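Thanks for making the time. I will go through one chain, and I will keep to what can be computed from the coordinates.

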Amino acid sequence: MITKKPLNIGMVGYSFMGRAHSNAFKQVGQFFDLPYRPVLKAACARNASAVQAFADQWGYDSVETDWRKLVARPDIDIIDIAAPNDMHHDIAIAAAEAGKMVMCEKPLGRTAKESLAMTEAVERAGVRNMVWYNYRRVPAVTLAKQWVDEGKFGRIFHYRAKFLQDWTMSTDLPQGGTGLWRLDASVAGSGVTGDLLAHCIDTAMWLNGPIAEVTAVTETFIKERKHQLTGEVQPVTIDDASLFLARFANGSLATFEATRYARGHKALYTLELNGQNASVFWDLHDLHRLQLFDHGDAGISRGWRSIHITDGDHPYMKNWWVPGLQIGYEHSFTHQVADFLGSLDSDTPAAPTFREARATDLVTDAVLASAKSRQWEQVMG
Ligand code: SOE
């Protein structure tokens with residue numbers, strides 16, 4: 001029997017992303033043959049009873065209520081940050097300084113200034129690091145990337161992305177606190193720009209290279225909300241909707257839109273890329289399909305085709321069931337852990353590293369700056 005080296009996980013956070021990451025750590029060894037075996041060693045959060053319940057449910061060996069104690073523990077190999085955005089910076093830097101590998105939920109920082117300090121800390125410490133931009137690992141999206149790299153599309157002219165939701169439309173919804181920190185700019189950094197557009201930007205730059213400049217408009221539709229923790233009615237400072245035009249370094253043009261006010265849409269992430277030879281379209285609600293138009297097809301049968309990305313030779317799919325049977329959202333996280341663990345013995349770190357994910361924060365900073373200045377803004381390097 002080949003023994004797999006155990007790697008002890010210290011998880012900070014227990015909500016949506018704490019669950020998504022824990023599920024990935026638990027599932028990965030069953031479906032991927034890797035040299036390392038993640039062990040759910042400790043879960044950490046301020047709320048002692050909630051984190052104990054989480055640890056019991058997911059099988060963590062122990063709990064901590066202070067992340068500093070978790071970071072100081074010699075039995076922890078990887079700190080995984082699934083806590084609200086305002087905690088990413090301090091935890092990541094302390095974890096790197098303690099010599100731990102660091103995985104961090106997106107966006108890396110609330111600003112590119114924060115993410116620069118985090119990037120420098122992991123690089124100075126020489127520890128492996130990665131940011132959870134999970135949509136790259138949806139097999140259909142990974143296949144689109146393979147096609148781009150093979151040159152299937154030829155010169156790329158257009159990129160189009162949307163991430164639409166409707167969950168904050170009620171004026172009665174408080175801002176801040178458990179489950180609602182995404183509405184509090186002091187915690188989240190921004191609204192949909194850092195939350196939803198960050199995903200779109202990460203995938204876009206992965207597929208189509210760096211974004212050079214942007215011009216944006218943002219809106220806060222509901223101007224005041226009660227704070228969940230204090231009960232006080234306060235101005236809302238997040239962006240509820242954010243739209244921007246972009247020019248990529250390769251000369252292609254793009255439109256991006258994210259909102260939490262698109263009635264009926266819960267998590268509609270779509271992307272489209274138009275090249276000289278072909279176009280591709282992907283939709284999170286139909287995540288196992290890619291729509292492809294290939295101008296190289298014989299004229300008589302040329303048209304959009306819908307490809308079911310469930311075959312053994314599609315990215316990641318040979319690790320799951322049999323051809324034709326699809327997988328879902330949570331598997332994108334499992335793939336990300338598989339790539340991370342699979343990369344540890346090689347010189348090429350799994351992407352996106354902190355440095356690569358910081359590039360997204362530079363774009364979101366430029367988007368927010370442009371919405372304020374009403375001018376085109378260059379993305380800083
Ligand atoms: C917000 O509702 C959210 O949960 C984001 O924070 C996630 O990153 C996104 O994948 C789904 O929507």
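Notes on one predicted chain

I start with a single residue. Ser186 sits in helix 7, residues 185–188. This is a predicted model, so please hear every value as computed from the prediction. Is Ser186 buried or exposed? Ser186 has 12 other C-beta atoms within 10 Å, and therefore counts as exposed, the limit being 12 or fewer.

Now a second pair. Lys145 belongs to helix 6, residues 139–150. Lys145 has 15 C-beta neighbours inside 10 Å, so Lys145 counts as partly exposed. Which residues does Lys145 contact, leaving aside its neighbours within four places in sequence? Those contacts are Trp206 and Leu207. Lys145 and Leu207 are 62 residues apart along the chain, while 5.5 Å separates their C-alpha atoms.

Next, the chain as a whole. The secondary structure comes to 10 helices and 17 strands. For 381 residues, a compact globule would have a radius of gyration near 21 Å; the chain has 21 Å, so the value agrees with the globule rule. Along the principal axes, the C-alpha atoms fill a box of roughly 65 × 60 × 40 Å. Of the 381 residues, 48% are buried. If you take contacts between residues at least 6 apart in sequence, 68% of them join residues at least 24 apart.

On to the domains. The domain assignment gives domain 1 as 5–134 and domain 2 as 137–378. The centres of the two domains, taken over C-alpha atoms, are separated by 23 Å. How many residues does each domain put into the contact? Domain 1 gives 36 residues and domain 2 gives 37 residues. On the domain 1 side, the elements that each supply at least two residues are helix 1 (16–31), strand 2 (36–44), helix 5 (112–125) and strand 6 (129–132). Helix 1 gives the most to that side, with eight residues. By class, the domain 1 side divides into 22 nonpolar, 10 polar and four charged residues.

With 14 residues at 1.5 Å a residue, helix 5 should span 20 Å, and its end C-alpha atoms are 20 Å apart, so the length agrees. Which residues of helix 5 are buried? They are Ala112, Glu114, Ser115, Met118, Thr119, Ala121 and Val122. An α-helix has 3.6 residues a turn, so residues three or four places apart point the same way. The buried residues of helix 5 pack against helix 4 (88–97), strand 5 (101–105), strand 6 and helix 10 (354–373). Just after helix 5, Gly126 takes a positive phi of about 70 degrees.

That brings me to backbone geometry. Most residues other than glycine have a negative phi, and most peptide bonds are trans. Here are some departures to check in your own viewer.

Two cis bonds come up. The peptide bond from Lys106 to Pro107 is cis, with omega near -10 degrees. Pro107 is in the loop between strand 5 and helix 5. Ala351 and Pro352 are also joined by a cis peptide bond, with omega about -5 degrees. The loop holding Pro352 runs between helix 9 (329–343) and helix 10.

Then there are residues with positive phi. Tyr316 is not a glycine, yet has a positive phi of about 70 degrees. Tyr316 lies in the loop between strand 16 (304–308) and helix 9. Tyr316 counts as buried because 21 C-beta neighbours lie inside 10 Å. Arg374, another residue other than glycine, has a positive phi near 60 degrees. Arg374 is in the loop between helix 10 and strand 17 (377–378). Arg374 counts as exposed, because 9 C-beta neighbours lie inside 10 Å.

Last, the ligand. What residues are around the ligand? Gln165, Asp195, His199 and Ala267 are around the ligand. By class, that shell has one nonpolar, two polar and one charged residues.

That is my last item.

Notes: Residues numbered from 1 in each chain as written. Predicted model: local features only at pLDDT ≥ 70, side-chain atom pairs only at ≥ 80, totals over all residues. Near = placed C-beta within 6 Å. Nonpolar A, V, L, I, M, F, W, Y, C, P; charged D, E, K, R; others polar. Domains from an automatic or database assignment. Contact = placed C-beta atoms within 7 Å. Helix = DSSP H or I, 4+ residues; strand = E, 2+ residues; numbered from the N terminus. Expected span 1.5 Å × (residues − 1). Buried ≥ 20, exposed ≤ 12 C-beta atoms within 10 Å, placed from the backbone. Rg over C-alpha atoms; globule rule 2.2 N^0.38 Å.
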